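Subject: Structure for you to look at

Hello,

Here is the structure I promised to pass on. Please open it first, then read my notes beside it.

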Amino acid sequence: MRMLTFAKRNLKEILRDPINLIFGLGFPLILLLLLSAIQANIPVNLFEIDTLTPGITVFGLSFITLFSATLVAKDRESALLQRLYTTPLTGFDFILGYMLPLLPVAVGQTVVCYLFAIPLGLTVSINIFYAIIGIVPMVIFNIALGLLCGSILGVKQVGSICGALLTNLSAWLSGVWFDLKLVEGFLEELAGVLPFVHAVETEKALFSGNYELAFGHILPILLYSVFITVASVFFFLRQMKKQ
Amino acid sequence: MQKIKTIDLVKRYKNLTAVDKLNLEIYHGELFSLLGVNGAGKTTTIKMLTCITKPSDGDAFVDGHSIVNEPEKVKQLIGVSPQETAVAPNLSVRENLELICGIHSFSKERTKAQIKELSKQFTLESVLNRKAGKLSGGYKRRVSIAMALISEPEILFLDEPTLGLDVIARHELWDEIRSLKGKTTIILTTHYMEEAEALSDRIGIMKDGKLLATGTVEELKENTGTTDFESAFLSVVKEGTK
């Protein structure tokens, strides 16, 4: 009950910030529209709507990390957390209270992306549903990464690291914008180590009904999600004690 | 009746001793002010008593419960208004108050009654539906104190409640704080001498983490052989420096 009250407050804080809506929802939709327009004039396989949409849904999740990190960092800096630490809320309540409300927001963002892509020519099938379900491990990774960053960084640093670095990593090393084979060598290997490209490939595979391929790519994401969630819990509790 | 008792309470941060063997007793219904210049250890003391930070040594008992071994019980008894305004900016004043009621598992009826009572007491009726982040400094501080009081705490901690407020807002808030005296035990930190003098039943003067003197304004003046409180404060602090 206590945790849900706190989660409800966090959901309101996120949804009432117009910047969150513009970046979280508006930006991925604009990209879909823009790249579809380019595709219509200069056909590129990568920008075909059935290939592009799963990638954009994964890219959009980097903003969820930004929201999560900004909320935690702002609360820490505004002394609101200090006040709440003197209430009966436990560490478990805080962590779940921050993570839970972002889950429907992130899944909602994915649903809106797929729905928006339908009039642009997206193939409609049950696989859209599977792709939405399949994105959940990556959603957890992004939310936990936000909690981790918000626990150790200030608001300004969160803006630089999550807002600039992470969105660029997610953009350039995910294979959404270009085929990673074009940058063979170190960058391709680095991309293979990070979860972004696996998330995009999972989405693409689920969307195209290639479940075996999706299973192979979802495993590293699950490992990353577990690792980052454990790390975020550790660092959040550590900063709580440091207070 | 004793509400708070600290026993050789110490807080060290690496090479700095922020609070040094603090021994203090605060009684039911009194307004006790911790007065001192910046860095005296007032806020650190409050942070330990409210279980935000653990003492390095010693212990304190809040209504008989140890802040070291029973922080959950202590948290049920206290309300805290931190030094910086601690409100959720995108939530309305009403939602901020509801947040604290929800965290304390109040029923809907109790929440409604508490909000009605406190918004009247702190004249917040006209801003109940406005976003807390958009309010003036004085209103934000009132909301912050109302949030600390809404759980009906037995002990209220006010950390520099009027810091940064203009004269009018400060005096209005003093009236609000005075109206709480007797019902709730209040521990207030301040570095404004006139604030401590105007509000307190008793005052504790701190410097460099040490409690140098405690007493009523009259007792402190008498003990230092001074005629005004400012001189009494300066005398205690200078004596403590020697």
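Start with helix α1 of chain B, residues 42-49, in this predicted model. 7 of its 8 residues are buried, so the helix is largely enclosed by the rest of the structure. Buried means under 20% relative accessible area, exposed means over 50%, and partly exposed lies in between (1.4 Å probe, protein chains only). The buried ones are Lys42(B), Thr44(B), Thr45(B), Ile46(B), Lys47(B), Met48(B) and Leu49(B). Just after α1(B), Cys51(B) has a positive phi of about 65°. Helices (H or I, at least four residues) and strands (E, at least two) are DSSP runs, numbered from the N terminus.

A word on conventions. Residues are numbered from 1 along each chain as its sequence is written, and chains are lettered from A and ligands numbered from 1 in the order in which they are written. Local features need pLDDT of at least 70, side-chain atom pairs count only at pLDDT 80 or more, and totals for chains, interfaces and linings use all residues, while side-chain values use heavy atoms, with hydrogens and water left out.

Next, strand β7 of chain B, residues 155-159. 5 of its 5 residues are buried, so this strand too is largely enclosed by the rest of the structure. Ile155(B), Phe157(B) and Asp159(B) point one way, and Leu156(B) and Leu158(B) the other way. In a regular strand, side chains alternate between the two faces of the sheet.

What does β7(B) pair with? β6(B) runs parallel to β7(B), joined by 4 bridges. There Ile78(B) stands opposite Ile155(B). β8(B), residues 185-190, also pairs with β7(B) in the parallel sense, over 5 bridges. Here Leu156(B) faces Ile186(B). Two strands pair if DSSP finds at least two bridges between them.

Now the interface. Contact (heavy atoms within 4.5 Å) takes in 32 residues from chain B and 22 residues from chain A. The two chains bury about 2400 Å², 55% of it on carbon and sulfur atoms. Buried area is the accessible area (1.4 Å probe) that two parts lose on being put together, summed over both. In chain B, Ile52(B), Asn90(B) and Ile103(B) lose the most area to chain A, together 26% of what that side buries.

There are 2 salt bridges between the chains (a side-chain nitrogen of Lys or Arg within 4 Å of a carboxyl oxygen of Asp or Glu). One salt bridge links Glu95(B) to Lys12(A), with the closest N and O atoms 3.3 Å apart.

Best wishes
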